[in-house]
Amino acid sequence: MANREDSFEKDTVFDREPKNSMSGAVRAGFFTGSMWAVCMLLVCTIVGIAFSGFNRGLAICLSLIIAGIAGGILQQVWFNYRATRRFTYGMRLFLFGITYLVVLAACALMGNWLPAGNPYAWITFVVIYLVVFAVMTVCIGHSLTVRSIEYKKQLDAYKRNRKADDE
């Protein structure tokens, strides 16, 4: 029986097991620390709004927090939620992209990221979003393809070893 270090199973950020590698521990620490940082920023922003009103700086901070949290939630809903897995990957990618664009536009409006009366600023915002989304989609697609090839090689090697052991 191969131990965890020898298998292709990697440390994940959210598992509860002790991390086998320094990089696994650092990744888990980064995500845990990020979660706490966002929670602290959210509490401070809400307290600031309660005591001083909804000013431009607090609006930007709150809108950025909402945009980040919403991105994580939408990613989980469109790619990991069992009910949405019945859609093709391309459809889920499209639906994620559209829903996140709507959320970002609402956050941009709330946080006054762009001048409300300037359509060119909003068109530029959408174009930049689409370019970034396309680049990230290509990069993630390439990564998934490489991983798929690696897994296929490992599965083929496993099958060859099993066949050799059975003979």
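Within helix H4, the residues Ala121, Trp122, Phe125 and Tyr129 are buried, where buried means under 20% relative accessible area with a 1.4 Å probe, protein chains only. Helix H3 (89-111) is included in what covers the buried residues of H4. The model is a predicted one, in which local features need pLDDT of at least 70 and side-chain atom pairs count only at pLDDT 80 or more, while totals for chains, interfaces and linings use all residues. Residues are numbered from 1 along each chain as its sequence is written, and side-chain values use heavy atoms, with hydrogens and water left out.

Helix H4 covers residues 119-166, and its 48 residues should span 70 Å at 1.5 Å a residue; the end C-alpha atoms are 69 Å apart, which agrees. The expected span here is 1.5 Å times one less than the number of residues.

Turning to the whole protein, the secondary structure comes to 4 helices and 0 strands, counted as DSSP runs (helices H or I, at least four residues; strands E, at least two) and numbered from the N terminus. Buried residues make up 20% of the 167 residues.

Thr45 sits in helix H1 (residues 22-52) and is buried, with a relative accessible area of 3%. Beyond its neighbours within four places in sequence, Thr45 is in contact with Leu58, Cys61, Leu62 and Ile65, contact meaning heavy atoms within 4.5 Å.

Notes:
Buried means under 20% relative accessible area, exposed over 50%, partly exposed in between (1.4 Å probe, protein chains only).
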